[in-house]
Amino acid sequence: MDTSEYIALFLEEAGEQIDVLERDILQLEQSPSPEILNEIFRAAHTLKGSSRAMGFTAMGELTHAMEDVFDALRKGEIDVSTEMVNRLFGALDTLKTMRDQIAEGGTSDIACDELVQSLRRILSGAAAESLSASTPAVPSAPTSTTIHLQEHERESALTAIDSGLGVYQFTVHLAEDTLMKSVRALMVLQAIDANGGAVLASHPDEEALDDEQFGDSFELLVATDKPEESLRAALLQISEVRDVTVKPWQDGSSRQVVATSSASAQSAPSAGEEVREPEPQSPPSSAGDGEKSATSRTPAMSQMVRVDVQRLDTLLNLVGELVIDRTRVAQLGREFEARFQHDDMVDSLLETAAHIGRITDELQEHIMKARMLPIEQVFNRFPRMVRDLAQKFGKEVRLVMEGQETELDRSVIEMISDPLIHMLRNSVDHGIEPPEEREALGKPRQGTIRLSAQHEENYILIEIEDDGKGMDPAHLREVAVRKGILARDAAERLSDREAFSLIFAPGFSTAKQVTEVSGRGVGMDIVRSNIQRVGGIVEVDSTPGKGTRFSIRLPLTLAIIRALLVRVASEVYAIPLSSVLETLKIQPDAVQFVGGHPVIVLRGRTLPLVNLQTHFYGGFFGASSCRSEEPMFVVVVGLGERQLGLVVNHLIGEQEIVIKSLSRHLGQIGGVSGATILGDGRIALILEVADIFNNLSACAA
Amino acid sequence: MSTATMTATAERQVVAFRLGEETYAIDISYIHEIIRMRAITFVPRAPHYMRGVINLRGRIVPVMDLSARLGLPTHEETPQSRIIVVEIGNESIGMIVDAVSEVLRLPEEQIEPPTQMAGSESANYISGLGKVNDRLVLLLDVEKVVENTGQ
């Protein structure tokens, strides 16, 4: 049997199970509860089953050993210990490596006998028979749905008949040697959905189907307005579906469904739970849990669709085109109006243009939402990481996470992970003091790192805050001077906040000893440039003795942004609004020159100026350029603590723009990050503000 | 012997165009479309032979001055000037030429290797020399022209 077509699915599912294990093992260490134990056991069990089915025996063996430990824990035969958690994490890391190897086309064959033995040793104190009892073969007896669900299903079947739909009972027979039966079951459910049918009930229930808790066949109650034969034909198209029998659902047949399920419900008191857990002492609450998860999971199964990320990217690109055309149509409408006044045709064009505009906005919003993922995807790995780091450095650290549900575009999610890892490492390594030192200072032994995410206008604000030793601005100035990053007088002029930002300077590291994890001073520099590359901003604030807080502001998406359009020479440039602080109209005589560099004084602060025309097109912006009487337009942009004024010829206005990349044939264009198409079809280049700041520092140095 | 198939396989279809006084040609399979001159958005700090970018139905396509790229003297735009948009891989790139003359069928046996032109800068980008009615046609190696731009 060729299993290659299942590999992708297996890998994805294995990834999910591994994530669940990681999260739950950590929770286990902190506060073990029956719910966690059940969940963790189920994850290990599923992973064991699927890896064995795919022929990855080493992986199956290792998960089997883990499963045994969880089972013993669940039965109260052993207690959680740090050593046990370390071994479980060790096993989990090996599982990840195996998964990665399989993903690269290899096998799961990593020597893991030692790991398996170390896990078995945990169990050596536990009763021998409980071990063997804990791992029965995957049962063939289907689990039943709860009586509550049956009533609910019956009601919906009756409602369907009342509203004129046909209700049929489908019996789907799979080929005997079907691998990953759950996949076929899922495909059957999707095929019914795609062909105009609605699954009202299944026997066994969808969770059991998902867990492969069934034999070679299962039954579905389906409502549809289509001929049942067309549905049957669609199902027979699915490979490994051997046969499908259909009969109309009537009172009699419904009773039969109800009868079977209630009969097995009686024989197995813990209805929603897996049958493979004969736990006489199982409290009623665990049955309730099973029921809860069954009801919450069923709709999730049938209403979610996995979509290839590339498809979403394509959709977003297409919407980008539409956004441009929408702007174009609206502009044409205005031009026609100006030319033909109130002609009927013009009015109806304007009306249509407005409607297209609204629809496009909505379409764009929904597609953006479809690309959103909760930041949880990144945060999830941090508790484990912080735990391991704390252990390594001999610190005691509590990681508090907030706002994991905050959603942002997947492209931003991908990029934010590494910077966050680095900053958390820094907090554990350099921020939080060792427990003894903290006690001496009158702080709790355990330090706290708070990681939070929240929406703020058009941004996501991510904060990392620790209650450690904080940073000393005087010390930072000192180091900056010593390392030749700043001249002494320049360093003295920095405000405390500006001094904190020195940690982002290239080659700056204040750690007295270079540690294995935080490494050398390359880190924060790269953190900042990574964040800036996606249009984000990172700031740092600190109070000596009290702690440090990093704030990261990220755009919700990288594809469509709001920008300020300005004119430079005869071209239009777009400045991302995320960088714009304010716009000014100044008289030329307000410009002063300091060492040949133009500046203005804004609210008591010296603001360096960059003339975009001379920056991009050459020429000289000197005192003679400022002799005209014409007022000048200045866009004040900020990058962290730094600000500068961009001199432009005209301000045009704000607009939503779709970011398009420039062809590589144009080379690396300093100061330009991409281009966009405006409503009139013209192209505007998008300014890369960070580049211009860097250029300015290079000139000043 | 079938002469019909012989000629079908031994012939190259090219689009001929002028750069100054010379006639060049590009294999027709590269050509995406030929458009009139239009406003080109200047891109600062790009290579000198890149004139900027144009909006081709929502796509942003870079445009090069082919004469400048080949090291030939450049000319003022005329009403006959055109942008030939070629497609290589998944990328489009526009090339400004002085005029597009015609589609030619060049018999393979009339195409000579470019050895006799060795020495001139543009020779690097010529894949062959064709003769049509005693007129010399320089076959452009489009991939080479586009290769290494932007570096």
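Me: A crossing counts as left-handed if the near helix is turned anticlockwise from the far one by less than a right angle, and right-handed if clockwise. Which hand is the crossing of helix 2 of chain A and helix 3 of chain A?

Reply: Quick caveat: this is a predicted model, where local features need pLDDT of at least 70, side-chain atom pairs count only at pLDDT 80 or more, and totals for chains, interfaces and linings use all residues. Residues are numbered from 1 along each chain as its sequence is written, with chains lettered from A and ligands numbered from 1 in the order in which they are written. Helices (H or I, at least four residues) and strands (E, at least two) are DSSP runs, numbered from the N terminus. Going by your definition, the crossing of helix 2 of chain A and helix 3 of chain A is left-handed.

Me: How are helix 2 and helix 3 of chain A oriented, roughly parallel or roughly antiparallel?

Reply: Axes are lines fitted to C-alpha atoms, for helices over the stretch in contact, with angles from 0 to 180 degrees between N-to-C directions. Helix 2 (residues 34–53) and helix 3 (residues 57–74) of chain A pack at about 160°, their axes 8 Å apart. Under 35 degrees is roughly parallel, over 145 roughly antiparallel, 65 to 115 roughly perpendicular and the rest oblique. So helix 2 of chain A is, relative to helix 3 of chain A, roughly antiparallel.

Me: Within what arc do the buried residues of helix 5 of chain A fall?

Reply: Buried means 20 or more other C-beta atoms within 10 Å of a residue's own, exposed 12 or fewer, partly exposed in between, with C-beta atoms placed from the backbone. In helix 5 (residues 113–123) of chain A, L115(A), L119(A) and L123(A) are buried, while D113(A), E114(A), Q117(A) and R121(A) are exposed on the other side. The arc is that of the directions from the helix axis to the C-beta atoms. The buried residues line one face of helix 5 of chain A, because they fall within an arc of 95°.

Me: How many other C-beta atoms lie within 10 Å of A684(A)?

Reply: A684(A) sits in strand 22 (residues 683–687) of chain A. The C-alpha atoms of A684(A) and V572(A), 112 residues apart along the chain, are 5.0 Å apart. A684(A) is buried, and the number of other C-beta atoms within 10 Å is 23.

Me: Which strand of chain B gives the most to the side that touches chain A?

Reply: In all, 20 residues of chain B are in contact (C-beta atoms, placed from the backbone, within 7 Å) with 20 residues of chain A. Strand 4 (50–56), strand 5 (59–65) and strand 7 (91–97) of chain B each supply at least two residues of that side. The most, three residues, come from strand 4.

Key: Two residues are in contact if their C-beta atoms, placed from the backbone, lie within 7 Å.
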